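Open the model in your viewer and get ready to select residues by number. We will go from stop to stop.

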Amino acid sequence: MRLKCCTVLVATLAVAWLGIEAGRAQDADFSRKTITIYIGNTAGGTYDLMGRLVARHLSHFLPGNPAVVPENMPGAGTLRAANHIFNVAPKDGTALGIVTETIAVEQALHNPAVQFDARRLTWIGRVAASNAVHIIWHASKVQSIEDARRFEATTAGTGAGNLGETVPTLLNAAIGTKFKIIKGYPAANEAMLAMERGEVEGAVVNWTTVKTAKAQWLRERKVKVILQVLTERGADLPDVPALGELGDNLEAKQLLGLYAGTGAIGRSFFGPPGLPPAVMKTLRDGFAAMSKNPQFIADANQINAELQVGSGEEVQKAVERTLNVPESVLQRAREIFAR
């Protein structure tokens, strides 16, 4: 009887040990490695803000505590970084990226700068949904979307794949606004500087960026928010029209809705296609744990970053929804953007 009990105990311990080892086998080890987070924009905007926020904390939630280094890689409306990760970066979890929330739309519209398939990217998680807003300088004749249908207003273009160009282009075609896009500005920071210098009258930038970097503008009423790029009005701006509510007919509403829904992708992080399942699981689990950590949340609050965390699976679904939009809508959008 004693021998039988010992045999059962040994067998039980062996099964438990195998279970522990199996669990460990599902986790990747990042010891002595460096993870680079490629940020598709220049310094100063919310992509840079969120990229560096995650870089400061992610290491503590990954096995082996790797070094995590942010690196700005602007170009092609942030799509240069996406192309690099898809085609060049190592497929071992040491290269992550954060780029424009319109990444899937740009693919659907056949943007020539796209050299990736957003479905095949490994989506790790989202730290914040996005609420881009169109702001206008106080001296402009245009102080509302309705004004923009009557008068021309210059607005800063920040790359073909960026909302700074796509939103005013879409508004001009869908509802007859008269925005004149002045191209060549790398990102939101430079676009807002151009407004201050009088080079342009408006820009499409993230609402968090305006509230944090340009809070004085709001206090002094130097700018006015005339549009928020959401399906419906956000709580912060209940009197400002949302992109999703505009449009005088079904086609216009569908076109505008294509971009109004990109906020679900927001400030998301991804890796290259083909990551080993253990690496993907480890990165997603680490990201999720980081997002709930009090120190991470306190750091986000310190820089006025508004967290709306989403899982990699949720972002993946948002990407697929965008790429499954009716072809007739996509074709009209391609005509608008001459693609």
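What volume does the largest cavity have? About 170 Å³. Before going in, a word on the model. It is predicted, with local features needing pLDDT of at least 70, side-chain atom pairs counting only at pLDDT 80 or more, and totals for chains, interfaces and linings using all residues. Residues are numbered from 1 along each chain as its sequence is written, and side-chain values use heavy atoms, with hydrogens and water left out.

**Stop 1: the cavity**

Select Tyr 47, Asn 162, Val 205, Asn 206 and Arg 267. Of the 18 residues lining the largest cavity, these lie nearest its centre. Helix 2 and strand 8 each give two or more residues to this lining. Strand 8 gives the most, with 3 residues. By class, the lining has 7 nonpolar, 9 polar and 2 charged residues. (Nonpolar covers Ala, Val, Leu, Ile, Met, Phe, Trp, Tyr, Cys and Pro; charged covers Asp, Glu, Lys and Arg; the others, Gly among them, are polar.) The count is 1 cavity of 30 Å³ or more.

How are such spaces found? On a 1 Å grid over the protein atoms alone, a cavity is a set of points where a 1.4 Å probe fits but cannot get out. A pocket is an open set with protein on both sides within 12 Å along at least five of seven lines. Lining residues have an atom within 4 Å of a point. Points are joined across faces, edges and corners, and a volume is the space filled by probe spheres set on them.

**Stop 2**

The largest pocket holds about 370 Å³ of space. Select Ala 129, Ser 130, Asn 131, Leu 230 and Gln 308, the closest to its centre of the 23 lining residues. Helix 2 and helix 8 each supply at least two residues of the lining. By class, the lining has 9 nonpolar, 11 polar and 3 charged residues.

**Stop 3: helix 7**

Now select residues 188–197, helix 7. (Helices, H or I of at least four residues, and strands, E of at least two, are DSSP runs numbered from the N terminus.) Which of its residues are buried? They are Ala 188, Ala 191, Met 192, Ala 194 and Met 195. They cover an arc of only 150° around the axis, so they sit on the same side of helix 7. (The arc is that of the directions from the helix axis to the C-beta atoms. Buried means under 20% relative accessible area, exposed over 50%, partly exposed in between, with a 1.4 Å probe and protein chains only.) Their cover includes strand 5, strand 6 and helix 8. Gly 198 follows helix 7, with a positive phi near 85°.

**Stop 4**

Most residues other than glycine have a negative phi. Select Asn 65, in the loop between helix 2 and strand 2. Its phi is positive, about 45°, although it is not a glycine. Asn 65 is partly exposed, at 49% relative accessibility. Next, select Arg 221, between helix 9 and strand 9. Its phi is positive too, about 55°. Is Arg 221 buried or exposed? Exposed, at 70%.

**Stop 5: Leu 255**

Finish in helix 10, residues 250–260, at Leu 255. Leu 255 is buried, with a relative accessible area of 2%. Leaving out residues up to four places away in sequence, Leu 255 touches Leu 170, Val 329, Arg 332, Ala 333 and Ile 336. (Contact means heavy atoms within 4.5 Å.)
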